[in-house]
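Here's a quick briefing on one protein model.

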Amino acid sequence: MKKIAIFPGSFDPFTKGHEDIVLRGLTLFDEIIIGIGHNSKKNIRYFDIDVMVGLIEETFKDYDNIKVVVYNELTAELARKHGANYLLRGLRNTTDFEYENSIAQVNKYLYEHLESVFLITSPELAAISSSIIREVHKYGGDVSDFIPYPLPK
Ligand code: ADP
């Protein structure tokens with residue numbers, strides 16, 4: 001059976017840390033679906049979601065086993081719909097662990113055939129976070145070293 005994983009997140013923006021998790025995930029899974037969780041009524045994003053979809057697709061244009069979707073439902077439901085039995089997540093520190101631990105339990109409860117799989121961050125990328133990139137970008141700083149694509153002007 002094909003091993004399909006969902007890599008869910010806000011990806012506001014998608015970073016080199018995220019890219020690393022996806023590429024390392026490909027050593028474990030046949031296909032990875034990057035799911036950008038978005039509630040258009042409640043979420044105010046910094047980077048436009050459609051632009052981000054395009055930039056992530058561009059980043060992985062050479063891989064036909066990496067897809068990008070936007071979703072506005074339970075991650076467990078998204079996984080079920082796509083026949084994905086794995087949720088891929090990255091862990092940087094104990095704060096990530098505390099959070100991931102509880103959502104993994106809930107996701108398993110919502111869909112019993114869903115196994116969460118965690119990859120530990122690559123040390124050189126551990127400090128990269130979407131929130132820091134947003135902050136630097138907001139004040140005009142150069143974030144190009146932290147993202148795997150050029151930002152549109
Ligand atoms: P969320 O809003 O669901 O936390 P994010 O877009 O911030 O989504 O992150 C998605 C996933 O990527 C999470 O599992 C997060 O821990 C992981 N992640 C974020 N940055 C890094 C990084 N630098 N290295 C490894 N994993 C990371």
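Thr121 sits in the loop between β5 (115-120) and α5 (130-138); helices (H or I, at least four residues) and strands (E, at least two) are DSSP runs, numbered from the N terminus. This is a predicted model, where local features need pLDDT of at least 70 and side-chain atom pairs count only at pLDDT 80 or more, while totals for chains, interfaces and linings use all residues. Residues are numbered from 1 along each chain as its sequence is written, and side-chain values use heavy atoms, with hydrogens and water left out.

- Thr121 counts as buried because its relative accessible area is 16%; the cut-offs are under 20% for buried, over 50% for exposed, and partly exposed in between (1.4 Å probe, protein chains only).
- Skipping residues up to four places away in sequence, Thr121 touches Arg24, Leu91, Arg92 and Ala126, where contact means heavy atoms within 4.5 Å.
- For a sense of distance, Thr121 and Val51 are 26 Å apart in space, C-alpha to C-alpha, and 70 residues apart in sequence.
- Ser129 is also in the loop between β5 and α5, and at 13% relative accessibility Ser129 is buried.
- Leaving out neighbours within four places in sequence, Ser129 makes contact with Thr15 and Arg92.

**Salt bridges**

- The count is 11 salt bridges, taking one to be a side-chain nitrogen of Lys or Arg within 4 Å of a carboxyl oxygen of Asp or Glu.
- Arg92, which touches Thr121, forms a salt bridge with Asp96, with the closest N and O atoms 2.9 Å apart.
- In that pair, Arg92 is partly exposed at 37% relative accessible area, whereas Asp96 is buried at 12%.
- Arg24, another contact of Thr121, meets Asp20 in a salt bridge (3.0 Å, N to O).
- Asp20 and Arg24 both belong to helix α1 and are four residues apart, about one turn of the helix.
- An α-helix has 3.6 residues a turn, so residues three or four places apart point the same way.
- Asp20 is buried, with a relative accessible area of 16%, while Arg24 is partly exposed at 29%.
- Lys61 and Glu58 pair up too, at 3.7 Å, N to O; Lys61 is exposed at 57% relative accessibility, and Glu58 is partly exposed at 46%.
- Lys2, Glu31 and Lys67 are joined in a network of salt bridges.

**Helix α2**

- Which residues of helix α2 (residues 49-59) are buried? They are Ile49, Met52, Val53, Leu55, Ile56 and Thr59.
- Looking down the axis of α2, these buried residues fall within an arc of 170 degrees, so they line one face of the helix; the arc is taken from the directions from the helix axis to the C-beta atoms.
- Their cover includes α1 (16-25), β2 (31-37) and β3 (66-71).
- At the start of α2, a side-chain oxygen of Asp48 comes to within 3.1 Å of the backbone nitrogen of Asp50.

**A nonpolar surface patch**

- Leu74, Val106, Tyr109 and Leu110 make up a nonpolar patch on the surface, with about 420 Å² of accessible area together.
- Leu74 is in the loop between β3 and α3 (75-82) and is partly exposed, with a relative accessible area of 47%.
- Patches take residues with over 30% relative accessible area and no salt bridge, joining like charges within 9 Å and nonpolar side chains (Val, Leu, Ile, Met, Phe, Trp, Tyr) within 5 Å.
- Accessible areas come from the Shrake-Rupley method with a 1.4 Å probe, and for residues only the protein chains shown count as cover.

Note on methods: Polar contact = N/O pair within 3.5 Å; in protein donor to acceptor, adjacent residues only side chain to side chain.
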